Amino acid sequence: MSDEEIGIQAIKHALKALRKRHLVEEGAHAPAFVALSKPIASQGSEWKDKAENLELELQQCYKAQARLSEQLVVEVAESRAAKSLVQEKEALIPTLEHDLSQARDECARLASVLEEKTKALELLIGENKELKSQYEEMRTRAVNAEAENKTLVDRWMLQKMQDAERLNEANALYEDMLGKLKASGLEQLARQQVDGVVRQSEEGAEYYVEPIIPKTCKHRIPAHDGGCAAIVFENSSGKLVSGGQDHTVKTWDSTTGRLIQTYNGCLGSVLDLSITHDNRSIIAASSSNNLYVWDANSGRVRHTLTGHKDKVCAVDVSRLSARHVVSSGYDRTIKVWDLNKGYCVNTLMFPSNCNTLSFSPDGQTIFSGHVDGHLRLWDIQTGKLLSEVAAHSSAVTSISLSRNGNTILTSGRDNLHNLFDTRTLEVWGTLRASENRVASNWSRSCISADNNYVAAGSVDGSVHVWSISNGNIVSTLKEHTGSVLCCSWSGLGKPLATSDRNGVICMWT
């Protein structure tokens, strides 16, 4: 039987017992009531009151009995609910014990992981201390090496000075010997004049060129589709190399105007060109963010130099070695390349983009012209900025070094062409013309091979030639129908070549 049924039966049994007891008590008191009612009839009212009181007490007992019964029912219900709750709690105990066991296992695992991490941290701390010790040691060695390097540089400079003194002595002795030979009639000079060029027969002698002023367009060549922004003559040769927006580089015979060879493989517009001093390699700066190096004879691409993050707008090769190349891009970097290895060996960074650059005669420093109008001098070995000067009020578009290395020509968007002394970076001459207006950020001007004239193109298609000695315009060339982008003077003295935005090249004599 359930607890509810047991409770109900207990209540019924209690009620029966109370009724039975009441009946027994009525039966037991009935004769007494009858016997007493007869002799004490006179006291009926008093006894009647007592009977009523007893009946009232009996009713109160019944009411108390009913309340107790109700209370018993409530307590039985509460007992049943409490028992049900206890059973639910007992059912949750295994689950909680299982969760507690899992939590203990996880805690043990985490404690093990913490111990491993602590050991790893201690190991890293030890390695860090060791690396710090190595760093301090390397730093000390670097400081010592820098001091030693400075000492070696000082010794090298001293040795160079001594070598220069010995060379001067040797030159003086050589000149004295030549004087003696002239006096004795044993000296013989062989000179040959070819295309206005007189060369000494001694090996290593300087080329001497006959000064000319270009006046006539000898050849007008439609060289490239879309424009030609770069032209350069081979060293001591009449061959002209050009690059255009049609992604090609071409070689021309300046005497006949004939196309000699076409170099393919460039993936962007050619913005600048340079040739190694031995004329074996042609290097092109491209808008595809790369430089391309061709073998001049076979026409094959030797290297594709990658590393710039934006278009490459200028390139130059050392005049002493065919190994070192410098380039500048619109990623605010100047990179030094090793052609033998085919990769970048140094990167110079500066906030202002570089439009043009040129190696110094000794090949140890480079001149760079920037968008902020400044001319800067860099050491390519250390990457340090050696000197800078405000060359123009607007962007520098061109840098051209004279053949003797004493003068550097800069052109700017302010339509001025300044002549600087390379030793002091001081302006000693300025060339200008009201009708001469620079066409673009990469418009190239040039100095003649005899260092007497400067040529620069204009946005109206004309080319102006100045005399460096007096700063006057000696010739104005008009043949182009588009803006002139580049001028290049042959190292033989003639011709002068110019190219324009329409891709036309003109040869002037």
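The charged end of lysine 311 sits over the ring of tyrosine 330, 5.1 Å from its centre. A charge counts as sitting over a ring if NZ of Lys or CZ of Arg is within 6 Å of the ring centre and within 35 degrees of the ring normal. The model is predicted: local features need pLDDT of at least 70, side-chain atom pairs count only at pLDDT 80 or more, and totals for chains, interfaces and linings use all residues. Residues are numbered from 1 along each chain as its sequence is written, and side-chain values use heavy atoms, with hydrogens and water left out.

The structure holds 5 aromatic pairs. Rings of Phe, Tyr and Trp (its six-membered ring) pair if their centres lie within 6.5 Å; planes under 30 degrees apart count as stacked, over 60 as edge-to-face and the rest as tilted. Tyrosine 330 and tryptophan 442 have ring centres 5.8 Å apart and planes at 55°, so this pair is tilted. Tyrosine 330 lies in the loop between β14 (324-329) and β15 (333-338), and tryptophan 442 in the loop between β24 (426-431) and β25 (446-447), so the pair ties together parts that are 112 residues apart in sequence. Both tyrosine 330 and tryptophan 442 are buried (under 20% relative accessible area, with exposed over 50% and partly exposed in between; 1.4 Å probe, protein chains only).

Tyrosine 453 and tryptophan 489 form a stacked pair, 6.5 Å centre to centre with 25° between the planes. Tyrosine 453 belongs to strand β26 (residues 453-457) and tryptophan 489 to strand β29 (residues 484-489), so parts 36 residues apart in sequence are tied together. Tyrosine 453 counts as buried at 13% relative accessibility. Tryptophan 489 counts as buried at 9%. Elsewhere, Tyr263, Tyr292 and Trp294 form one aromatic cluster.

The chain has 2 helices and 31 strands. These are DSSP runs numbered from the N terminus: helices are H or I with at least four residues, strands E with at least two. Strands pair if DSSP finds at least two bridges between them. An open sheet of 4 strands has the order β25-β26-β27-β28, with antiparallel pairing. Its edge strands are β25 and β28 (473-478), each pairing on one side only. Within this sheet, 5 bridges join β26 to the antiparallel strand β27 (residues 462-467). Alanine 456 stands opposite histidine 464 in β27.

Strands β19 (residues 374-379) and β20 (residues 385-390) are also antiparallel, joined by 5 bridges. Leucine 375 stands opposite valine 389 in β20. The two strands β19 and β20 form a hairpin with 5 residues between them, and glycine 383 in the turn has a positive phi of about 75°.

A nonpolar core is a set of buried Ala, Val, Leu, Ile, Met, Phe, Trp, Tyr and Cys residues joined through side-chain atoms within 4.5 Å. The largest has 14 residues, of which Val241, Val249, Val270, Leu273, Ile282 and Trp294 touch the most other members. At least two residues each come from β5 (228-233), β9 (270-275), β10 (281-286) and β11 (290-295). Strand β9 gives the most, with 3 residues. Apart from this core lies another, of 13 residues, among them Tyr453, Ala455, Leu477 and Leu496.

Of the 509 residues of the chain, 37% count as buried. Residues 24 or more positions apart account for 45% of the contacts with a separation of 6 or more, where contact means heavy atoms within 4.5 Å.
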